[in-house]
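Hello,

Here is the structure we talked about handing over.

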Amino acid sequence: VSQASGRTLEIATGTGLNFPHYPSAVTELVLSEFYPPMLEVLQRKVANSVHDISVVKADAENLPFPDSSFDTVVATMILCSTPKPSRVLQEINRVLRPGGTYLFLEHIRNPDPKIAQFQDRIQPGWYLFGNGCHCNRDTIKTISQSPLVIDELNHGKIPKAWSILEYMITGRAHKSEKSNDLAYSATELVGKASSSDCGCSSQCS
């Protein structure tokens, strides 16, 4: 989180392990979390902070913030467990200002084919044991296919973790300056396809 700056949002903050590590370049920090027990811990942790920090209950797939309202979005260990990781990335892109930064840390599908096959085999049981975690997700591919543009991608291993969880990535991506324009154009095209170009202009007019 050392690269965060400006108005910053952290999603799925949990109990706030990242909270002490934000730099002075962060002018306002919004910590969002969905689960009430974690929210309570988080609120107690930031209660006496001298910094501009707010805690918000929020689902990462439906963030309650306006478009283009943050300079930085931070997310750690969320894309493995959220039901719709692509939706989360779309929401991150939506709330980022054009050129804004997305900082991430995720454990991912192991590049070793044998371990990856093992991840596939145990996934149904691991989902229950790991509180909704998908240890076999190809998160690099998911981020690459999102509207966000990857600027930096680092590979590593979580120390002393099981082989199904040890492989991780950290990185930085940004929202394209034209992202909103592209989204608008796509919506406009869909609208045209569903009306004047649908082949039933007499009924759609």
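Predicted model: local features only at pLDDT ≥ 70, side-chain atom pairs only at ≥ 80, totals over all residues.

**Salt bridges, then the rest**

E91 is buried, with a relative accessible area of 5%. The side chain of E91 meets that of R94 in a salt bridge, at 2.9 Å from N to O. Both sit in helix 2, 3 residues apart, which means about one helical turn separates them. In general, an α-helix has 3.6 residues a turn, so residues three or four places apart point the same way.

A search of the whole structure gives 9 salt bridges. Two others are worth a look.

- D120 pairs with R109, with the closest N and O atoms 2.7 Å apart. D120 lies in helix 3 and R109 in the loop between strand 5 and helix 3, so the pair ties together parts 11 residues apart in sequence. D120 is partly exposed at 35% relative accessibility. R109 is partly exposed too, at 27%.
- K157 and E166 meet at 4.0 Å, N to O. K157 counts as exposed, at 53% relative accessibility. E166 is buried, at 16%.

**Overall layout**

The chain has 6 helices and 7 strands. Along the sequence they run β-β-α-β-β-α-β-α-α-β-β-α-α. Of the 205 residues, 39% are buried. The chain exposes about 11,400 Å², and carbon and sulfur atoms supply 54% of that. Take the contacts between residues at least 6 apart in sequence: 64% of them join residues at least 24 apart.

**Cores**

Which residues have the most contacts inside the largest nonpolar core? They are L9, I11, V73, I92 and Y102, in a core of 25 residues. Strand 1, strand 4, helix 2, strand 5 and strand 7 each supply at least two residues of this core. Helix 2 gives the largest share, 4 residues. A second, separate core has 11 residues, among them F19, V26, L29 and L103.

Beyond its neighbours within four places in sequence, L9 is in contact with V30, S32, L63, F65, F70, T72, V73, V74 and V95.

Helix 1 spans residues 36-46, and L39, L42 and V46 are buried in it. These three cover an arc of only 65 degrees around the axis, so they lie on the same side of helix 1. P37 and R44, on the other side, are exposed. The cover over the buried residues includes strand 2 (26-33) and strand 3 (53-57).

F34, Y35 and M38 make a nonpolar surface patch of about 320 Å². Y35 is in the loop between strand 2 and helix 1. Y35 is exposed, because its relative accessible area of 52% is above the 50% cut-off.

**Backbone points to check**

Two residues other than glycine have positive phi values.

- A12 has phi near 50 degrees. A12 is in the loop between strand 1 and strand 2, and is partly exposed at 30% relative accessible area.
- N131 has phi of about 55 degrees. N131 is in the loop between helix 3 (113-129) and helix 4 (139-144). N131 is exposed, with a relative accessible area of 71%.

Best wishes

Definitions and conventions. Residues numbered from 1 in each chain as written. Heavy atoms only, no water. Buried < 20%, exposed > 50% of the residue type's maximum accessible area, 1.4 Å probe, protein only. Arc of directions from axis to C-beta. Contact = heavy atoms within 4.5 Å. Patch = residues over 30% accessible without salt bridge, like charges linked within 9 Å, V, L, I, M, F, W, Y side chains within 5 Å. Areas by Shrake-Rupley, 256 points an atom, 1.4 Å probe, with all protein chains shown as cover. Core = buried A, V, L, I, M, F, W, Y, C linked by side-chain atoms within 4.5 Å.
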